[in-house]
Amino acid sequence: MKKIAIIGAGTMGNGIAHTFAQFGYKVNLIDISKESLQRGMDTISKNLDRMVAKEKITEADKKETLNNITTHIDIPSGVKNVGLVVEAATENVKLKLQIFKQLDATCSETTILATNTSSISITQIAAEVSNPERVIGMHFMNPVPVMKLVEIIRGYNTSDKVTKTIMDLSKKLDKVSVEVNDYPGFVANRILMPMINEAIETLYNGVAGVYEIDTVMKLGMAHPMGPLQLADFIGLDVCHSILEVMYNGFKNPKYAPSPLLTNMVMAGKLGVKSGEGFYDYSENRKAENVSKQFSKKA
C-alpha cells in the first residue's frame, strides 16, 4: 500500500495526490492530457509553497513531496503494481462506471478500488467490477491537504477487511475517518446540499441578496463560509449534479435543484472555476458581491 494511483488531476485529484505524497507514499497521478497533469502539478507546487511560507514544511519536504509524484496519461501504466486506486474524476455516473470497468480489466485482483464520489452509489460503481468486495468510497473534503475528514462509504458488498484497511490508511494521512452506509449523498452532502439549495431558493425568491444570506449564516450560525460562497468553491455544476443524484435516488422533490441553480449552470456561471458564480472572481472584481444580477426580479 505504499504505491497509490490517483485518477484525475483536478481540484480533488491533485489535492489527494498532494496528501498521499506528503506522507511518503509513491503516487501515480493519472489524467487524459499532459496539460491537465501540468495544471495539477502546478497547483500542488503552489499549495506546497504556501505551506513553506507558513513554516508548516521545509523546502526539502516540498521537494520530496513533488518527487513522490509521477504523472501518467493512461490508466494501464498508471495503475501498474499499485495497492490502491482512488478515482477522482468528474462527478458523472457514466464516466465513473467506464473507469471502473477499465480498472477491473487492468488492475491486480488484490488492488483496492476507491472512489472519491460525493454522492454516486458505491454499490452501483462496484457492479462494474468482478470482485465488488474491494470497492469502497473514500470521500475527501476540499481542500484535501487541509480538511481533516474522510467519509468512508461501504457499498453493499464492501468487505470488512477493505473497510478497515482504508480506515487505518486515512489515519496514517492524519485524517479523521467516519464510516457511513451507501445511500444517495451519504451524510455530508445529504445534509449540506439541501441547505445550499435552500439558500439559492431564498435568493431566487428575493428574500435577501447574496451577501445578506451568507452573512446570516456566518454570523448567526457560526459557519466559516456562507452557503452561496461555499457553492461557488465546490462548483455550481457539482452541486447541481449531486442534487440530481439525490433527487433521482429518493424521488423526493425537496432535493430538486433550484431553477436559479440550473440556469446558472447552463449559463456557464460555475463559481470559482469559471471566474463567476454568486460572486465575481475576476481580477478586477475579485469576490465582489453580484447578488443583484441573480435576483428573481432582475
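This report describes annotated positions, surface patches and salt bridges in a predicted model.

## Basis of the model

Because the model is predicted, local features need pLDDT of at least 70 and side-chain atom pairs count only at pLDDT 80 or more, while totals for chains, interfaces and linings use all residues. Residues are numbered from 1 along each chain as its sequence is written, and side-chain values use heavy atoms, with hydrogens and water left out.

## Annotated regions

An unreviewed UniProt entry annotates residues 3–182 as "domain: 3-hydroxyacyl-CoA dehydrogenase NAD binding". UniProt positions are given in the numbering used here, feature names are shortened, and annotations may be inferred rather than shown by experiment. In the model, this span is 43% helix and 22% strand, and its end C-alpha atoms lie 27 Å apart. Helices (H or I, at least four residues) and strands (E, at least two) are DSSP runs, numbered from the N terminus.

The unreviewed UniProt entry also places the feature "binding site" at a set of residues including Gly8, Gly10, Asp31, Glu91, Lys96 and Lys273. Gly10 sits in the loop between strand 1 (3–7) and helix 1 (11–22). With 35% relative accessibility, Gly10 counts as partly exposed. Here buried means under 20% relative accessible area, exposed means over 50%, and partly exposed is in between (1.4 Å probe, protein chains only).

## Surface patches

Patches are made of residues with over 30% relative accessible area and no salt bridge; like charges are joined within 9 Å, and nonpolar side chains (Val, Leu, Ile, Met, Phe, Trp, Tyr) within 5 Å. Accessible areas come from the Shrake-Rupley method with a 1.4 Å probe, and for residues only the protein chains shown count as cover.

A nonpolar surface patch of about 220 Å² consists of Leu149, Val176 and Val178. Val178 is part of strand 8 (residues 176–181) and is partly exposed, with a relative accessible area of 37%.

## Salt bridges

A salt bridge is a side-chain nitrogen of Lys or Arg within 4 Å of a carboxyl oxygen of Asp or Glu. The count by this rule is 11 salt bridges. One of them joins Glu128 and Lys101, at 3.6 Å from N to O. Glu128 lies in the loop between helix 6 (122–126) and strand 6 (135–140) and Lys101 in helix 5 (residues 93–106), so this pair ties together parts that are 27 residues apart in sequence. Glu128 is partly exposed, at 24%.

Another salt bridge links Asp168 and Lys164, with the closest N and O atoms 2.8 Å apart. These two residues are separated by about one helical turn because they are four residues apart in helix 7 (residues 160–172). Asp168 is partly exposed at 29%, whereas Lys164 counts as exposed at 53%.

Asp237 and Lys273 also meet in a salt bridge (3.0 Å, N to O). Asp237 is in helix 11 (residues 236–250) and Lys273 in the loop between helix 12 (259–266) and strand 9 (279–280), so the pair ties together parts that are 36 residues apart in sequence. Asp237 is partly exposed, at 24%, and Lys273 is exposed, at 52%.
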